[in-house]
Amino acid sequence: MSKKKITWIALLLLLLLPFWMWLAWAMSSKTKLVAAIIDKTVLTRQGQEHLSLTWILNHERFTKTRTKPYQIAEDYFGFFPLDNEKYRLKGLERFSEEQLAQLSNDADIAYYTDTYGIFNNEWRQHGDDKERSGLIYGGLSEQDMNFLRLMKAKRKLIITEFNTIGSPTNTSERRSFEKLFAMRWTGWTGRFFESLDTSRNKELPGWLIRNYKRDNSNRWPFKKSGIAFVSESDQVVILEDSTHMTMPLPHIVSTEEGANKLGLPRRVKYPFWFDVVVPDRKINKEMASFEIGLNHHGRRVLDQHHLPHRFPAVLSHDGPDYRFFYFCGDFSDNQVSITSSYFKGIGFFKWLFYNSDNPMERSSFFWNFYRPMVTNILQAEKDRLGR
């Protein structure tokens, strides 16, 4: 066979590769795994806050019935956007005790991806989504807590993440959650910003700047990248690159158990929202931690506000009594296309989907951290259920 013919055959096989990857995915067996997904922060039908989870369910061929796959715009409980600023509320708040009990019987997994909710300025067309406004819907409810208690009592898998117990969840439900799962929110959240310069970064929240200036002689002296910590009482603490930190980006560092059991990388950058929690270490294991490269000025600032230098990123309780995970960041909110979930082996080409040089991109977090972690958790649950 001539070299030219071999080249054409190789090129044809390469062009047909996506088809073979799709065919391999389509022919793989399905597994029924009923997930009660709670997402109260759904601004569009793309369901950004639970898209990453639906991607994994679809890619791994987990289905809500024996044949029907999960649909992003349909298969969750929470806020459902409609046209012309209309919406439907289909959360657990409408459930009776009997309906919650039935749901806890039917569901294999409860996953709370986000309870932050929807605010007027985000929802109304003429609102400023960088400013705070009145709440339309959100927060962990009494019915949510009753459902979680039932799932825990029935030894069902529970996965939660930021923002499950932060604002606007009321203090009563927050305390109930903390007691039920042996952890405590410090009241602080944080996020990395590529630029703290107000003349360059127009995406900086106005309330963040105002609250800092209120407590600091009306000054906002920051020009570089950095991390903003915000308390539930609206106190703002800023760590700036070079001034307070040796490296501006927060990183997640995994334990040996987290790497072996959940498939976590040893280290990955994380540029989005997180919360600072304190676990009961007799009950919960820390599978990964947030690490910030602090200099002595940064350590002093955190010490002044009683903030830890290192704090949990992934908490786990995996025992015969119950199974629980808390992800201490907005982990399920990533820029990923659902289309790529239809191709088996797509992970070999993950490098095509992100630019590592961009500090703000979160696709690499999905491919290297979130996807292997959640896939391993779901596969372990599938094995435990014998399906």
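Predicted model: local features only at pLDDT ≥ 70, side-chain atom pairs only at ≥ 80, totals over all residues.
A residue counts as buried under 20% relative accessible area, as exposed over 50%, and as partly exposed in between.

Side chains of opposite charge can pair when their charged atoms come close. Across the whole structure, a search finds 18 salt bridges. One of them joins Lys40 to Glu93, with 2.7 Å between the closest N and O atoms. The two residues belong to distant parts of the chain, 53 residues apart. Lys40 sits in the loop between β2 (35–39) and α3, and Glu93 in the loop between β5 (87–90) and α4 (97–106). Lys40 has a relative accessible area of 1%, so Lys40 is buried. Glu93 has 28% relative accessibility and therefore counts as partly exposed. The pair also belongs to a network of salt bridges that links Lys40, Glu93 and Asp144.

A second salt bridge is formed by the side chains of Glu257 and Lys285, at 3.1 Å from N to O. Because Glu257 lies in helix α9 (residues 256–262) and Lys285 in strand β16 (residues 285–294), the pair ties together parts 28 residues apart in sequence. Glu257 is partly exposed at 31% relative accessibility, and Lys285 is partly exposed with a relative accessible area of 47%.

Strand β16 also contains Glu291, which forms a salt bridge with Arg310 with the closest N and O atoms 3.2 Å apart. Arg310 lies in strand β17 (residues 310–318), so this pair ties together parts that are 19 residues apart in sequence. Arg310 counts as partly exposed at 45% relative accessibility, and Glu291 is partly exposed with a relative accessible area of 21%.

The remaining topic is helix packing. Two packed helices are described by the angle between their axes and the distance between the axes. For helix α3 (residues 48–59) and helix α11 (residues 363–385), the axes come within 10 Å and cross at roughly 60 degrees. That angle makes α3 oblique to α11, and the crossing of the two helices is right-handed. On the α3 side, the contact is made by Ser52, Leu53, Trp55, Ile56, Leu57 and His59. Helix α11 contributes Phe366, Trp367, Tyr370, Arg371, Val374, Thr375 and Leu378. Sorted by class, the contact of α3 with α11 has nine nonpolar, three polar and one charged residues.

Notes: Residues numbered from 1 in each chain as written. Heavy atoms only, no water. Axes fitted to C-alpha atoms, helices over the stretch in contact; angles between N-to-C directions. Helix = DSSP H or I, 4+ residues; strand = E, 2+ residues; numbered from the N terminus. Parallel < 35°, antiparallel > 145°, perpendicular 65-115°, else oblique. Left-handed = near helix turned anticlockwise from the far one by under 90°. Contact = heavy atoms within 4.5 Å. Nonpolar A, V, L, I, M, F, W, Y, C, P; charged D, E, K, R; others polar. Salt bridge = Lys/Arg side-chain N within 4 Å of Asp/Glu carboxyl O. Buried < 20%, exposed > 50% of the residue type's maximum accessible area, 1.4 Å probe, protein only.
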